[in-house]
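Subject: Structure for your study

Dear colleague,

Please find below the sequence and the structure that I am handing over to you. My findings follow, and I would ask you to read them with the structure open.

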Amino acid sequence: QSKWDSSKTLISSPADMFANEEGGPEPDWVITEREQFADFRDLNKDGKMDKDEIRHWILPQDYDHALAEARHLVYESDVDKDQKLTKEEVLDNWNMFVGSQATNYGEDLTRNHDEL
């Protein structure tokens with residue numbers, strides 16, 4: 001028998017954990033979290049995330065992790081913003097590349113590449 005009880009709330013809006021002790025306006029991050037939860041995470045609009053919504057949030061089907069990481073590396077390293085990385089741009093940001101899953105944590109940088 002599964003221990004999953006779909007009637008229990010696993011995750012409600014993370015912003016609900018914010019305790020505004022001063023009674024003032026909510027910080028921007030709380031407002032943003034509430035919007036993200038309402039617009040993108042609570043897909044069936046019941047005020048909580050069920051098993052399928054949590055799965056979609058953690059492992060979205062329509063998100064290409066490799067492409068996102070590659071774009072991040074180019075954005076952070078492309079000093080002249082020409083959408084191409086030179087050998088110098090890669091070497092100047094070596095620490096970002098060796099810590100990246102996109103380069104197999106730096107291992108791929110030790111191989112000869114024509115594109116570099």
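A helix here is a DSSP run of H or I that covers at least four residues, and helices are numbered from the N terminus. Please bear in mind that this is a predicted model.

I begin with Val74, which belongs to helix α3. Val74 is partly exposed, its relative accessible area being 21%. In sequence, Val74 and Leu85 are eleven residues apart, while in space their C-alpha atoms are 6.8 Å apart. When residues up to four places away in sequence are not counted, Val74 touches Gln83 and Leu85.

Gln83 deserves a paragraph of its own. This residue is found in the loop between α3 (65-77) and α4 (87-92). Its phi is positive, at about 65°, although Gln83 is not a glycine. Is Gln83 buried or exposed? Gln83 has a relative accessibility of 64%, so it counts as exposed, the cut-off for that class being over 50%.

Lys45 also has a positive phi, near 60°, and is a residue other than glycine. Lys45 sits in the loop between α1 (28-41) and α2 (51-58). With a relative accessible area of 52%, Lys45 is exposed.

I turn next to the charged side chains. How many salt bridges does a search of the whole structure find? The search finds three.

- Arg34 pairs with Glu26 in a salt bridge, and their closest N and O atoms are 2.9 Å apart. Arg34 is partly exposed, at 31% relative accessible area, and Glu26 counts as partly exposed at 31% relative accessibility.
- Glu33 pairs with Arg41 in a salt bridge, where the closest N and O atoms are 2.7 Å apart. Arg41 counts as buried, because its relative accessibility is 14% and buried means under 20%.
- Arg55 pairs with Asp52 in a salt bridge, with the closest N and O atoms 2.9 Å apart. These two residues, Arg55 and Asp52, are three residues apart in helix α2, so about one helical turn separates them. Arg55 is partly exposed, with a relative accessible area of 42%, whereas Asp52 counts as exposed at 52% relative accessibility.

Finally, I would draw your attention to Glu89, which is located in helix α4. Glu89 is buried yet has no salt bridge. Which side chain of opposite charge is nearest to Glu89, and how far away is it? That side chain is Lys81, and it is 7.9 Å away.

What, then, surrounds Glu89? Leaving aside neighbours within four places in sequence, Glu89 is in contact with Ser77, Asp78, Val79, Asp80 and Lys84. For Val79, the backbone nitrogen lies 3.0 Å from a polar atom of the Glu89 side chain.

Yours sincerely,
A colleague

How values were computed. Residues numbered from 1 in each chain as written. Predicted model: local features only at pLDDT ≥ 70, side-chain atom pairs only at ≥ 80, totals over all residues. Heavy atoms only, no water. Buried < 20%, exposed > 50% of the residue type's maximum accessible area, 1.4 Å probe, protein only. Salt bridge = Lys/Arg side-chain N within 4 Å of Asp/Glu carboxyl O. Lys, Arg positive; Asp, Glu negative; His and termini not counted. Polar contact = N/O pair within 3.5 Å; in protein donor to acceptor, adjacent residues only side chain to side chain. Contact = heavy atoms within 4.5 Å.
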